[in-house]
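Dear colleague,

I am passing on the structure below, together with some notes on what came out of going through it. Please read the notes with the coordinates open beside you.

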Amino acid sequence: MKTTFSLNGQQVSVDTDAGDMLLHALRDELHLTSVRGTCGIGLCGTCTVIVDDKTTASCLIPVPMIAGADIRTIEGIGNDPVLQAFEDAQAFQCGFCTPAMILTTQQLLVENPAPSDDEIDAALAGNLCRCGCYFKIRDAAKLAATALAQRSGA
Amino acid sequence: MSGSRTSGTIKYAMDAAVDGMWHARILRSPFAHARIKRIDVSLVPDGVVVLTGEDTRDLNHYGCQIADETVLAQGEVRFAGDPVAAVAARTRREADEALVCIEVDYEELPAVFGAEAAVAPGAHLVHAQHNVSENDAAYFGIRPINGTNVCHKFQIRHGDIEAGFAEADVIVEETYRTDSAAHVPMEPHATLAWWEGDRLEIITGSQTPFNVRMDLAIIFGIDQEKVRVKCPPMGGSFGAKTFIRLEGIVAALARKAGRPVKMVLDRSEEWQTLNRHPATITVRIGAKKDGTLVAKKVTCLADTGAYADCGPGVAQKMGFASPGPYRIPNVWVDSSCVYTNTPPNGAYRGYGQMQSIWASERTMDLLADRLGIDPLTLRMQNLLREGDAYCTGEVMHDLQLEQCLAAAANAIGWHEGRKGKGLSLLIKGMQTPSRASIMLKHNGNGSYHIECATAEMGQGAHLAIRTMAAGMLGIDVRHVSISYPDTAISPYDTRTTSSRSTHMMSRALAEALKDLRLNGIDVGIGEVRDEGGLNPDTGQGIASSHWHQGAAGAIVELDDETGLVKVKHLHASVYAGKVVVRKAAEMQNEGSMIMGFGTAMFERIEIADGQVTNANLSDYSVPSIADLPKMTHDLIEVEGALVHGLGETALPPIPPAIGNALQTFGVRMTTLPMTPERVLAAIDLRDGRVA
């Protein structure tokens with residue numbers, strides 16, 4: 001069946017089975033390999049995308065449910081200070097969890113522009129990084145918060 | 001490059017694609033041990049390629065150290081998860097659907113679980129006989145014992161153990177156990193293969209391109225030159241992506257299908273593919289009243305599961321690590337690699353060292369208690385110093401153990417009260433013998449390109465190698481590029497394991513630069529070889545050309561009512577020699593500590609009657625950002641020192657530092673992980689409430 005939604009600001013349509021998940025549509029139909037997903041049960045966080053301004057595990061959302069939705073992946077992030085902060089803090093090793101980690105951090109900062117360490121941890125607790133870059137990821141979140149505050153103050 | 005990691009444009013093996021490729025899935029045994037009576041594929045839809053043991057009967061046995069594996073089961077399955085058949089179809093869904101159309105009749109057979117049961121007299125044999133592999137990863141005099149489940153037994157016989165214990169005023173003995181753990185790289189195993197005539201092309205996430213090439217050549221009975229292995233960057237590995245994993249099955253499917261075939265494992269299959277060796281280790285140590293160590297006897301059983309993989313090497317390293325970084329005149333070690341009917345265990349960050357340091361360093365604190373000597377003092381008194389001989393007979397150099405230990409003690413305020421605090425210390429060997437080569441090409445415009453077989457799994461070796469080359473050339477790192485491993489192009493390298501690559505490649509690079517300058521041409525090739533090895537019967541020789549060194553400290557709180565341990569602070573002090581890329585080096589320490597924390601406190605593969613019962617990320621927990629205690633660390637540098645690998649050093653000392661901290665509450669932990677149930681049992685034992 002055909003489902004139409006907005007992906008990074010562009011209208012797209014995919015033809016999938018009713019039971020196919022958004023992850024499948026993004027990776028296999030639309031070839032966005034930045035969206036990863038490996039656990040299939042919404043726990044690893046690597047398939048996280050932003051659906052209508054909410055961080056969402058794309059491995060758990062059937063494609064028909066996102067008809068008309070506004071979906072954002074790392075490709076739609078542009079020159080965002082959050083991405084730059086991850087570069088500056090060198091907050092990644094293998095990079096597999098990184099796009100989802102950046103998207104989740106970006107969404108956190110939209111909702112809470114000056115998060116505490118505990119608030120950062122709570123927001124990112126569903127994004128696993130087996131390389132263990134968590135300390136640098138915290139640094140990146142704080143760097144990004146500062147950069148965004150400066151930008152909005154300027 | 002880093003930008004591609006944040007932008008998501010980096011391509012892992014999981015993302016590899018070629019035109020016309022099909023997707024593959026594996027049908028696995030539901031039984032830990034069974035005879036396959038019949039496989040019926042008649043219900044599989046047309047247009048799906050099915051591969052069974054029948055199709056792979058003519059392929060050769062393989063295995064990086066013992067040639068005990070077949071591409072698919074040959075009439076017998078040896079663990080729950082053993083591949084029985086495989087399918088390739090146009091889509092993954094069609095492949096999934098085809099799997100359920102295959103009917104297999106099994107006759108269940110008795111199985112053996114646990115290394116202790118597997119070495120008991122009369123234990124059922126997982127393999128009738130053990131043939132040492134022709135792969136060059138079987139390099140160290142493997143000693144299988146046919147007619148038993150032992151596929152390698154390593155021994156150290158140093159000094160006179162009986163005379164040593166006779167001299168001792170105090171003797172302490174304890175047995176320790178560590179559970180299996182999963183690597184959980186975020187990217188699962190993924191392989192893409194196709195044939196061009198009689199040539200095999202393979203793209204796979206692997207730390208061991210040349211070993212994979214060698215075993216594929218063995219499997220198909222073809223020259224190594226006919227196999228090309230390319231290794232894109234991995235989304236983590238930690239030892240999981242070593243030697244042959246999916247490559248044999250995917251290549252055999254591709255040959256039968258006559259087209260490219262790709263396989264990406266489901267997360268649940270990861271627990272059936274490669275895990276960490278559970279170990280049972282008994283330590284007996286003797287000391288004089290003044291704390292001088294006089295004798296140490298250790299027996300290690302490493303449970304390698306149904307196929308040896310590199311278990312013999314793990315058992316050997318577990319064995320020669322078990323004496324610990326101390327001067328002990330009389331040492332006796334038996335370390336055995338044992339088959340059981342469980343999923344195979346292999347390389348895992350720490351490579352046997354975590355298990356043996358857990359046993360060894362916990363025993364040091366038991367001994368310190370018995371002697372009434374401060375555990376820091378006892379370690380300082382006995383640790384190896386420059387020019388001392390290890391129990392292997394080799395003379396130790398470039399030792400910074402004292403500095404590491406002192407730094408860890410200071411970081412946790414050891415001298416301001418000991419309650420709830422623990423320390424541990426380790427030396428860890430590096431792959432020896434080994435060979436590394438590298439090619440440095442001048443592009444003609446002031447920029448350079450590097451070809452080498454060092455795999456990139458997130459550890460940052462490529463950035464480190466580029467940075468070192470740029471430093472030697474006096475140019476900016478942006479002007480040095482590097483390729484991912486490709487056995488058709490990259491010069492030979494042993495493998496990207498044992499935290500050896502940055503160290504070995506730093507030396508190979510210096511040679512390559514010399515070659516380039518000497519010959520006045522645009523290509524320089526550098527090669528370094530480290531010789532050595534141990535006599536497996538005596539443990540004498542050169543265990544390691546280069547020693548990783550580190551210490552850890554822990555501060556914990558204990559809830560006596562619930563057995564809940566709250567880790568307040570972990571510190572690791574690691575000898576880095578010379579740091580190449582600061583933040584990457586820090587993350588090797590931090591990542592190792594976080595993994596060590598998981599191992600210490602909760603990571604545990606649960607196996608019931610041979611079935612992994614927690615093969616998912618809900619029931620098997622790995623540390624998240626919200627689980628972390630305060631963690632600090634040092635990278636100890638010394639003027640003029642060589643680069644030391646940092647990939648694993650900070651992991652093994654974490655569990656014993658926590659265990660030793662708990663001992664200050666009278667709680668004697670012997671088993672990892674230290675779950676609340678186990679801690680409660682130890683509290684009950686302390687308080688005399690034994691059921």
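For what follows, two strands count as paired if DSSP finds at least two bridges between them. Please keep in mind that this is a predicted model.

I begin with a sheet in chain B, where 4 strands form an open arrangement in the order S18-S25-S26-S29, with mixed pairing. Strand S18 (421-429) and strand S29 (630-637) of chain B stand at the edges, and because each has a single partner strand, one side of each is left without a neighbour in the sheet. From one strand to the next, the twist averages 15 degrees.

Within this sheet, strand S25 (residues 547-558) of chain B runs antiparallel to strand S26 (residues 565-577) of chain B, and the two pair over 9 bridges. Glu557(B) stands opposite Lys566(B), which belongs to S26(B). Helix H15 (residues 654-663) of chain B packs on the sheet, where it touches S18, S25 and S26 of chain B, and its direction makes about 155 degrees with that of S18(B).

Turning to the contact between the chains, chain A and chain B each contribute 36 residues. On the side of chain A that touches chain B, the elements giving two or more residues are helix H2 (81-88), helix H3 (98-111), helix H4 (117-124) and helix H5 (134-153) of chain A, and the largest share, 4 residues, comes from H5(A). By residue type, this side of chain A divides into 22 nonpolar, 10 polar and 4 charged residues.

With best regards

Technical notes. Residues are numbered from 1 along each chain as its sequence is written. Chains are lettered from A and ligands numbered from 1 in the order in which they are written. This is a predicted model: local features need pLDDT of at least 70, side-chain atom pairs count only at pLDDT 80 or more; totals for chains, interfaces and linings use all residues. Axes are lines fitted to C-alpha atoms, for helices over the stretch in contact, and angles run from 0 to 180 degrees between N-to-C directions. Two residues are in contact if their C-beta atoms, placed from the backbone, lie within 7 Å. Ala, Val, Leu, Ile, Met, Phe, Trp, Tyr, Cys and Pro count as nonpolar, Asp, Glu, Lys and Arg as charged, and the others, Gly among them, as polar.
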